[in-house]
Amino acid sequence: MEKQKRLRDLKGRFVSIFKTEEDRIARKRHLCKLRTRRWKEKHLEKCKRRSKECTQRRWQKILIYSRQYYKKNAAIKKVQRQAYLALKRGVLKKQDCIICGNPKSEMHHENYDRPLEVIWLCPQHHRRRHLCPELVIF
Ligand SMILES: [Zn+2]
Ligand SMILES: [Zn+2]
């Protein structure tokens, strides 16, 4: 390795002169790492607290979301059950898929506020209807 010329800076400390660009970059990277580590050590409590808060917030969001999801899901399940019971009692009549005429059809609700308003769709068209609700099929 080439011997480095040493100079002193204004405070009298030794300053290395780097000959190559790589040396300079490596030194810079090292300093940057050092600074980050020092900052982290200095602000350890703050860092910990912040990450804890962040985690808590994330969990709260998940909790709220899953609660809403569960509620919505429960409502849908209830409506589906009502329709199923209506079918059993003969209030509703099983029909073929209104698009392709497939007799293996399922009940689909356009509006979950009206449990007895169902559309009969085969599994394939049912899935499509849910994936793309704006699809005009009538
Ligand atoms: Zn459906
Ligand atoms: Zn169909």
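1. Helices here are DSSP runs of H or I with at least four residues, strands are runs of E with at least two, and both are numbered from the N terminus. On that basis the elements of the protein run β-β-α-α-β-β-α from the N terminus on. That comes to three helices and four strands.

2. This is a predicted model: local features need pLDDT of at least 70, side-chain atom pairs count only at pLDDT 80 or more, and totals for chains, interfaces and linings use all residues. Residues are numbered from 1 along each chain as its sequence is written, while chains are lettered from A and ligands numbered from 1 in the order in which they are written.

3. Burial comes next. A residue is buried if 20 or more other C-beta atoms lie within 10 Å of its own, exposed if 12 or fewer, and partly exposed in between, with C-beta atoms placed from the backbone. Of the 138 residues of the protein, 6% count as buried.

4. Helix α1 covers residues 21-42, 22 residues in total. Its first and last C-alpha atoms are 31 Å apart, close to the 32 Å expected at 1.5 Å a residue. The expected span is 1.5 Å times one less than the number of residues. The number of buried residues in α1 is zero, so the helix lies largely in the open.

5. Helix α2 runs over residues 44-89 and has 46 residues. It reaches 67 Å between its first and last C-alpha, close to the expected 68 Å. It is hardly covered: one of its 46 residues is buried. Just after α2, Gly90 has a positive phi of about 90 degrees.

6. Lys94 sits in the loop between α2 and β3 (106-109). It counts as exposed because it has 11 C-beta neighbours inside 10 Å. Its C-alpha is 7.9 Å from that of Ser105, eleven residues apart along the chain.

7. Which residues make up the largest nonpolar core? They are Ala83, Cys97, Met107, Val118, Trp120 and Leu121, six residues in all. Such a core is a set of buried Ala, Val, Leu, Ile, Met, Phe, Trp, Tyr and Cys residues joined through C-beta atoms within 7 Å. Strand β4 (residues 118-121) gives the most to this core, with three residues.

8. Leu121 is found in strand β4. It is buried because 24 other C-beta atoms lie within 10 Å. Leu121 and Cys97 are 24 residues apart in sequence, yet 4.1 Å apart in space, C-alpha to C-alpha.

9. Two residues are in contact if their C-beta atoms, placed from the backbone, lie within 7 Å. Leaving aside neighbours within four places in sequence, Trp120 is in contact with Gln95, Asp96, Cys97, Ile98, Ser105 and Met107.
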